[in-house]
Amino acid sequence: MSGLLLLLRPWWLLALLPVLGLAWWVRQRRLAGDWAGIIDPALLGPLRRLGALTDGRRDAALLLPFIAAAVIVLALTGPARLLPGAVAYRALDPLILLLDLSPSITTAPALADLQAAAATVMADAQERPVGIMVYGADAYLVSAPTSDAASLESLIAVLDRETMPVSGSRPDIALSMANDLFAQDGIGIGGADLIVISDGGGTDKQALDEAARLRAVGARVWALTLDKTSPEAPAPDPASLAALAQAGGGAAAPAAEARPLLQRIDSARTARLARSDDATDAVRDFGRWLLILALPAAALMFRRRR
């Protein structure tokens, strides 16, 4: 990941729209040069066709303010490069899997999808420690965050309908326990990414409140949705799971799209790192140097014209 180019403040790209729009409007206004303000508009067309008026749009100086403004906007977006040592900072915060083992999943093909999605997350964790929690009517910590992916894969493989002692689906308990466990252990939940893999069952206001509480302390909640649930169970509810992720500051995706979601998590972490106290050790912002490119256009605006 070292050497990765990114924009620290990409929302500044929206400022290019008014800059380009204003440049186009001014250029159209200068179609007849300085005569446009004093000649009757009805005469401008015939005079232009006769060659009596010069085309003011050919004046390159007309665009100088907009060129300078566009360069300044690009500088404000914060083009930056992730430094070689940044991975060490990014690996400190854990990635926590919250696996829904309610009967609607463990008695259906969705269990295999859950195990495959969890295995994909562990394989693509990029040196981040991964922890595992399971939940049904209650929640349990299966493994504290570790970089030993092989041991976690063996744990995932043995999950079945007998794993949970009590049937149910309470993601709110799992989220609350994750918050309390990591804060209690001195690790701190801030900076962690929690991925709920579920069919959306049991996602109620309490779960949304717990997700919002995690977001408030700096963690993020994401979700991978399962749809091959048991025919006897309620229909999957991906919308509720998406709302849970949104409340937690993250996003949801189908379980089959675990890798694209991990890329979004990675991008969010990089942006968060760039805004943190460790940013000077993790990224190099080239925005200030890009401002130098605006100086020639700004200087030409002050030249003496005939």
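The open sheet here runs β5-β4-β3-β6-β7-β8, six strands with mixed pairing. Keep in mind that this is a predicted model. At the edges sit β5 (139–146) and β8 (249–254), each pairing on one side only. Ignoring direction, neighbouring strands of the sheet are turned by 15° against each other on average.

**The β7/β8 side of the sheet**

- β7, covering residues 220–225, pairs with β8 in the parallel sense, and the two share four bridges.
- Across that pairing, Val 221 stands opposite Gly 249 in β8.
- Helix α10 (residues 238–247) packs on the sheet, where it touches β6 (193–198), β7 and β8.
- The direction of α10 makes about 150° with that of β8.

**α9 against α10**

- Helix α9 (residues 205–216) and α10 have axes that come within 7 Å and cross at roughly 30°.
- Angles under 35 degrees count as roughly parallel, so α9 and α10 are roughly parallel to each other.
- On the α9 side, the contact involves Ala 207, Leu 208, Ala 211, Ala 212 and Arg 215; α10 brings Ala 243, Leu 244, Gln 246 and Ala 247.
- Sorted by class, that contact between α9 and α10 comes to seven nonpolar residues, one polar and one charged.

**Helix α6**

- α6 takes in residues 110–123, so 14 residues in all, and spans 20 Å from its first C-alpha to its last, close to the 20 Å expected at 1.5 Å a residue.
- Its buried residues are Ala 110, Leu 111, Leu 114, Gln 115, Ala 117, Ala 118, Thr 120, Val 121 and Met 122.

Notes
Residues are numbered from 1 along each chain as its sequence is written. This is a predicted model: local features need pLDDT of at least 70, side-chain atom pairs count only at pLDDT 80 or more; totals for chains, interfaces and linings use all residues. Side-chain values use heavy atoms; hydrogens and water are left out. Two strands pair if DSSP finds at least two bridges between them. Axes are lines fitted to C-alpha atoms, for helices over the stretch in contact, and angles run from 0 to 180 degrees between N-to-C directions. Contact means heavy atoms within 4.5 Å. Buried means under 20% relative accessible area, exposed over 50%, partly exposed in between (1.4 Å probe, protein chains only). Angles under 35 degrees count as roughly parallel, over 145 as roughly antiparallel, 65 to 115 as roughly perpendicular and the rest as oblique. Ala, Val, Leu, Ile, Met, Phe, Trp, Tyr, Cys and Pro count as nonpolar, Asp, Glu, Lys and Arg as charged, and the others, Gly among them, as polar.
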